[in-house]
Each structure stands twice: as C-alpha cells, then as structure tokens.
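This report describes how the parts of one protein chain pack together. Please look over the sequence and the structure before reading on.

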Amino acid sequence: MSDADNVLRLRRQVGDPPLSDDAIARACGAGDPSAVGELFDRFHRPVAGYIARLIGRTSDVEDLVQSTFLQIARGKTVYDGRASVKTWISAIATTA
C-alpha cells in the first residue's frame, strides 16, 4: 500500500502540516471515503461557481456539484496527476 493509498486513513496529529490536494485526490482513487469528504470541503465552492458560470442558472448548481463528487466517490474517474486537482474536478463537473 502506497502513502497515497492510506494518507487519510492514518491518524493525523494536531499541528501536522495540511495534506496536499494531490495526496487527497489520490486517496480518493484508492477508495478512502474521508478523502472524498476532504476534497468536497476544499473544492465544493469553486466547483459550484464554475458550474453556475457554465449553465447560467443557479437552481441546478447544487445537484450538479453533488453529482460531480459522487462520480469521484464511486471511482468513476481517478486522479492521475496530469492536471491540477481543480482542473480534474472541473473536467468532471463539465460532464456531470
């Protein structure tokens, strides 16, 4: 098991440096549910703004944000590090 596979499963101590977005995204791909929650906490607002700009209305934004993160949680797409985490999530949101 690599560090990315268990990065969030390990108990973190108070004062530890925050985990990188890349490490969290890779932990999502390893099936770590706490990683998906952390990714949501970090990115749901920018994703909502992106989706609102894409569709031009706000009534469906939250549903599409949820759909985006459900795709990540279900492993429908796995972060491979070729783009930033924000770009990766935005690409998922584009097709959500």
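The sections below cover a helix and the residue after it, the nonpolar core, and a helix pair.

The model is predicted. Helix α2 spans residues 21-29, and its buried residues are Ala23, Ile24, Ala25, Ala27 and Cys28. Gly31 follows α2 and has a positive phi, near 90°.

## The nonpolar core

The largest nonpolar core is made up of 22 residues. Leu39, Val47, Phe69, Ile72, Val85, Trp88 and Ile89 have the most contacts inside this core. Two or more residues come from each of α2, α3 (33-55), α4 (61-73) and α5 (85-95). The most come from α3, which gives seven.

Ile72 is one of the residues with the most contacts in the core. Apart from neighbours within four places in sequence, Ile72 is in contact with Cys28, Leu39, Thr77, Trp88, Ile89 and Ile92.

## Packing of α3 against α4

The axes of α3 and α4 lie 9 Å apart, and the two helices pack at an angle of about 135°. An angle over 145 degrees would count as roughly antiparallel, so α3 is oblique to α4 instead. Their crossing is right-handed.

On the α3 side, the residues that meet α4 are Val36, Leu39, Phe40, Phe43, His44, Val47, Ala48, Ile51, Ala52 and Ile55. On the α4 side, the residues are Val61, Glu62, Leu64, Val65, Gln66, Thr68, Phe69, Ile72 and Ala73. Sorted by class, this contact has 15 nonpolar residues, three polar and one charged.

Definitions and conventions:
Residues are numbered from 1 along each chain as its sequence is written. This is a predicted model: local features need pLDDT of at least 70, side-chain atom pairs count only at pLDDT 80 or more; totals for chains, interfaces and linings use all residues. Side-chain values use heavy atoms; hydrogens and water are left out. Buried means under 20% relative accessible area, exposed over 50%, partly exposed in between (1.4 Å probe, protein chains only). Helices (H or I, at least four residues) and strands (E, at least two) are DSSP runs, numbered from the N terminus. A nonpolar core is a set of buried Ala, Val, Leu, Ile, Met, Phe, Trp, Tyr and Cys residues joined through side-chain atoms within 4.5 Å. Contact means heavy atoms within 4.5 Å. Axes are lines fitted to C-alpha atoms, for helices over the stretch in contact, and angles run from 0 to 180 degrees between N-to-C directions. Angles under 35 degrees count as roughly parallel, over 145 as roughly antiparallel, 65 to 115 as roughly perpendicular and the rest as oblique. A crossing is left-handed if the near helix is turned anticlockwise from the far one by less than a right angle, and right-handed if clockwise. Ala, Val, Leu, Ile, Met, Phe, Trp, Tyr, Cys and Pro count as nonpolar, Asp, Glu, Lys and Arg as charged, and the others, Gly among them, as polar.
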